[in-house]
Amino acid sequence: MKTLQIEIPEGFKIDTFDTTTGQIKFAPIPKSIFERIKTLQDAIDELGEQDEEVKFLRLLEPIGKETHVYGRQEAVVIAKALQEDWVADFSDSDQRKYTPYYEVSSAGGFVFGAYDGWTTLTAVGSRLCFKSRELAEYAGKQFIEIHNKYL
């Protein structure tokens, strides 16, 4: 028996190995959502142009990207991408839901203040809540300009 050592490319893992042909196929190691979604464009790419929220964002472009309506839809697209396949179940009082909270700074803008979690009560739209405090905190800090625009 002979041994052949193959260096696996960085960011990949062995997907399949065909024992008949000796062919090895590599697959990318999935990145965490925090690595994949850093910009609005990343969120759009994650969801795809055919996603209903992305389509609505595109419909709003003619009214102006600096409007609060467009800013809110940007936040919806980002939240949906960060949530991956998770959808809040507001009939489940045991399911925790989180949202970022902001404070107004003396400089006149918003600063990330904290995150909050809740079960049956809500102080935020269902499309802007997250499945974990880490996602709420990440969204609150990473996309503060977008939240500042629509708030």
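The model is predicted.

The chain has six helices and four strands. From the N terminus on, these elements follow the order β-β-α-α-α-α-β-β-α-α. The chain holds 151 residues, of which 33% are buried. Contacts between residues at least 6 apart in sequence were also examined. Of these, 50% join residues at least 24 apart.

Two packed helices are described by the angle between their axes and the distance between the axes. For α3 and α4, the angle is about 160° and the axes lie 9 Å apart. An angle over 145 degrees counts as roughly antiparallel. The helices α3 and α4 are therefore roughly antiparallel to each other. Their crossing is left-handed. On the α3 side, the contact is made by E52, E53, V54, F56, L57 and L60. On the α4 side, V69, Y70, Q73, E74, V76, V77 and K80 take part. By type, the residues of the contact of α3 with α4 are eight nonpolar, one polar and four charged.

The pair α2 and α4 packs at an angle of about 55°, and the axes are 9 Å apart. The two helices are therefore oblique to each other. The crossing of α2 and α4 is left-handed. From α2, the residues in contact are L40, A43, I44, E46 and L47. From α4, they are E74, V77, I78, K80 and A81. The contact of α2 with α4 comprises seven nonpolar, no polar and three charged residues.

The contact of α2 with α3 divides into five nonpolar residues, no polar residue and one charged residue.

The core was examined next. In soluble globular proteins, nonpolar side chains tend to be buried together. In this chain, the largest nonpolar core has 26 residues. Those with the most contacts inside the core are I37, L40, V77, I78, L82, F130 and F143. At least two core residues come from each of α2 (40-47), α3 (52-60), α4 (68-83), α5 (133-142) and α6 (144-150). The largest share, eight residues, comes from α4.

V77 links the core to the helix contacts described above. V77 is one of the residues with the most contacts inside the core. V77 also takes part in the contact of α4 with α3, and in the contact of α4 with α2. Leaving aside residues up to four places away in sequence, V77 touches L40, A43, I44, L47, E53, V54 and L57. L40 is likewise among the residues with the most contacts inside the core.

T39 lies in the loop between α1 (33-36) and α2. T39 is partly exposed, with a relative accessible area of 36%. T39 and F143 are 104 residues apart along the chain, yet their C-alpha atoms are separated by 7.7 Å. F143 is one of the residues with the most contacts inside the largest core.

Most residues other than glycine have a negative phi. For E84, by contrast, phi is positive, near 55°. E84 is partly exposed, and its relative accessible area is 37%.

Methods:
Residues are numbered from 1 along each chain as its sequence is written. This is a predicted model: local features need pLDDT of at least 70, side-chain atom pairs count only at pLDDT 80 or more; totals for chains, interfaces and linings use all residues. Side-chain values use heavy atoms; hydrogens and water are left out. A nonpolar core is a set of buried Ala, Val, Leu, Ile, Met, Phe, Trp, Tyr and Cys residues joined through side-chain atoms within 4.5 Å. Buried means under 20% relative accessible area, exposed over 50%, partly exposed in between (1.4 Å probe, protein chains only). Contact means heavy atoms within 4.5 Å. Axes are lines fitted to C-alpha atoms, for helices over the stretch in contact, and angles run from 0 to 180 degrees between N-to-C directions. Angles under 35 degrees count as roughly parallel, over 145 as roughly antiparallel, 65 to 115 as roughly perpendicular and the rest as oblique. A crossing is left-handed if the near helix is turned anticlockwise from the far one by less than a right angle, and right-handed if clockwise. Ala, Val, Leu, Ile, Met, Phe, Trp, Tyr, Cys and Pro count as nonpolar, Asp, Glu, Lys and Arg as charged, and the others, Gly among them, as polar.
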